[in-house]
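I opened the model to look up a few contacts and write them down. The entries follow the order in which I checked things.

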Amino acid sequence: MAARFRYNPHTCRYEPVFQTPKTVGKQVVWVMLLAFVTSTGAFYYYVSQFGFPAEQQLAAGYEQHRKAWHEQLQQLKSLEQTLWGVLERDNQQYRLMLDLSPLSEDQLLAGTGGTPEPIPDFAFPYAELANGYHRLFRLRHRAQIAKQSLEVLHREADRKNKMKESRPAIQPVDSRQLSHLYTTFGLRMHPIFGVLKEHKGLDFSLPKGAPVYATGNGRVSLAHYSPSYGNVVYIDHGFGYETRYAHLNRFIVQPGQYVKRGQTIGYVGNTGISVSPHLHYEVHYNGEPVNPLYFFQRDLPAEEYEKLIRKAEKTAGSLD
Amino acid sequence: MRRRLFRYNPKTCQYEPAPFPWAGFLVYVLLFLVCTCGFFAVISRLQPVLFPTQNMAMLARQNLAYAQSIRLMKADLAEMAHLLNEFQHKEKALSEKIFGLPRKPSNVQVQARNVPEENKKILADLHRKVNTILDDVQRGEWIAMPAVAARPEWPVWWPLETSNPTIASGFGKRIHPYHKGKYFHYGIDIPAAKGHGVRSAGGGKVIRVVRSRVESGYGNYVEIDHGTGVISRYACLDEIVVRTGQQVEGGRLIGYAGISGSAVAPHLHFEILINSRPVNPMLFMVRNFTAETYARLQAEGSRINQSLD
């Protein structure tokens, strides 16, 4: 049963109108065509007014990328500042302290002239990217310099610390037990032979059995009985230093043993050519005997030291 | 022209004109709108594929370059940050090796944490007072030392010609670099390269020039008498270029910094004595320093670290 009718003037009758799929499809196609034309028109209008939407998307993406890139450049800047601080302190403080020559300007500013690494091709046409890469490579290059420099500084600091620990620097005996310090160094009348003889060390007069300490870290190179020195310990400190502790009552170290500064190596005695219990202490630097007074660290004010040394230079008695 | 449609009314048994079919029309309008939007989307999607513009290609290339760079840079920055972190640890270790304590950033401002309210006020007062003194110091008219400004011959100049004054170790109890025991350090240690010029801190008469081979004590040193019992002492020098009895004016070259005496690093050991009693030289060093520099030096000098001699 048709719902609607159409008046046919030829037959003077109302004829039913049927909606077939064909008529509906036709209408739909027309609507879609119209929609296509309208949307095409709208697209052209949009493009003429605002530009291509795809371009807009890309531009928005570009803005995002740029923002991210600038954030990274900020990070890079803070890293640069950190590294620059490291290099500056390295140069101005640590090299100074370790008595090393400072890094040259060329080394410090390395990478400003030409970058050691090529900038990647895809980034090359864009100044911002190229600049960032340039800075990164320069940073990397300087970091390499800083790395090498820090290694050198560490090595040197270790060496110096080892030297500080090894160099004879304290008195070999407890100064509270010391009854007399014979500051003779050089020519003096020998107490037994009664002739002028070279005296190569200092004599510390102490009661028998007082402990004797190693004055620096080192290796015991010799510990034996000698007719002249009596019981004697030789310590090789490295860096050209050697110390000898003679006339010991007995020693408690073996040759080849490593000792530390302040370690007890023996006890004061009266062995060998000696007239009373005392410690004969010698310091040799590169094979030459030097005045051990030079190596006592500051327990006394400078004036007192000078007096001691002046006394030591005068000829006076000694105990062997 | 569309012909009119009719509807059969069974009540009146007549054909009446049919009303406009709104429902169907609405369906078509909706269809139209949906299709328009759809086509718009399809066209704008297909356009860059079918008809790409030059600008678009350029932008796409640029975006690709940026995206790639950002990705690479991220990895590089992480790597660098890791490396720098390592450097800072190494530096700390190095500082410990040299000074016997880790490097601290010299921070002038005192951070008051977990301080009770009533103490905060006292702290604030103290800060204000300190700042007033520092301002006075900056103007060169320190209240504690009014006579300093009046006496041009007093040792008020920094004994080293430098744009960046630093102190490695200050006045007071310090750790000895050799025997590592605590002892009283009667001066300040100013790090200086070997051969760096040392200048007299004020005008006066050279009363003592000592050259010593002894590897302990002061080494080569100069004493200058500034009158009224004030004596300045410049120790651990490499070379001395003045004679005993010579009159020197403030800022004159008197020698070169070195590593003599018991020094473990090239530096100048600077002491000031009043009536043979050592005082903190920082009390005198009031010229040419801004408040910040002075405060920084005070902070550096007050650390209980290892001295250089």
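**Entry 1: one tyrosine**

I started with Tyr94(A) and its contacts, leaving out residues up to four places away in sequence. I found that Tyr94(A) touches Arg89(A) and Leu153(A) in its own chain, and Leu94(B) and Ile98(B) in chain B. I note that this is a predicted model.

I then looked up where the residue sits: Tyr94(A) belongs to helix α2 of chain A. Is Tyr94(A) buried or exposed? I counted 26 C-beta neighbours inside 10 Å; the cut-off for buried is 20 or more, so Tyr94(A) counts as buried.

I also took one distance. The C-alpha atoms of Tyr94(A) and Ala157(A) lie 9.1 Å apart, while the two residues are 63 positions apart in sequence.

**Entry 2: the helix pair in chain A**

Helix α2 of chain A covers residues 53–97, and helix α4 of chain A covers residues 127–166. I read an angle of about 30° between them and a distance of 10 Å between their axes. Angles under 35 degrees count as roughly parallel, and α2(A) and α4(A) are therefore roughly parallel to each other. I noted the crossing of α2(A) and α4(A) as left-handed.

I listed who makes the contact. From α2(A) the residues include Trp69(A), Leu73(A), Leu83(A), Asp90(A) and Tyr94(A). From α4(A) they include Glu128(A), Arg135(A), Leu139(A), Ala146(A) and Leu153(A). Sorted by class, this contact holds 14 nonpolar, two polar and five charged residues.

**Entry 3: the side of chain B that touches chain A**

I found 64 residues of chain B in contact with 71 residues of chain A. Which elements of chain B give two or more residues to this side? They are β1 (5–9), α1 (22–50) and α2 (54–99) of chain B. The most comes from α2(B), with 26 residues. By class, I have 40 nonpolar, 14 polar and 10 charged residues on the side of chain B that touches chain A.

**Entry 4: a sheet from both chains**

I followed β1(B) further. Strand β1 of chain A (residues 4–8) pairs with β1(B) in the antiparallel sense, over two bridges. Here Arg6(A) is opposite Leu5(B).

I then traced the whole sheet. It is open, has four strands and runs in the order β2(A)-β1(A)-β1(B)-β2(B), with antiparallel pairing. I have an average twist of 50° from one strand to the next.

Within chain A, β1(A) and β2(A) run antiparallel and are joined by five bridges. One partner I noted: Phe5(A) bridges to Pro16(A) in β2(A).

**Entry 5: chain B by itself**

Last, I looked at chain B as a whole. I counted five helices and 13 strands in chain B. Of its 309 residues, 33% count as buried. Among contacts in chain B with a separation of 6 or more, 65% are between residues 24 or more positions apart.

I picked one hairpin. Strands β3 (residues 172–175) and β4 (residues 182–185) of chain B pair antiparallel over four bridges, and Ile175(B) is opposite Lys182(B). Six residues lie between the strands of this hairpin, and Lys180(B) takes a positive phi near 60°.

Conventions:
Residues numbered from 1 in each chain as written. Chains lettered and ligands numbered in written order. Predicted model: local features only at pLDDT ≥ 70, side-chain atom pairs only at ≥ 80, totals over all residues. Axes fitted to C-alpha atoms, helices over the stretch in contact; angles between N-to-C directions. Parallel < 35°, antiparallel > 145°, perpendicular 65-115°, else oblique. Left-handed = near helix turned anticlockwise from the far one by under 90°. Contact = placed C-beta atoms within 7 Å. Nonpolar A, V, L, I, M, F, W, Y, C, P; charged D, E, K, R; others polar. Pairing = 2+ DSSP bridges. Buried ≥ 20, exposed ≤ 12 C-beta atoms within 10 Å, placed from the backbone.
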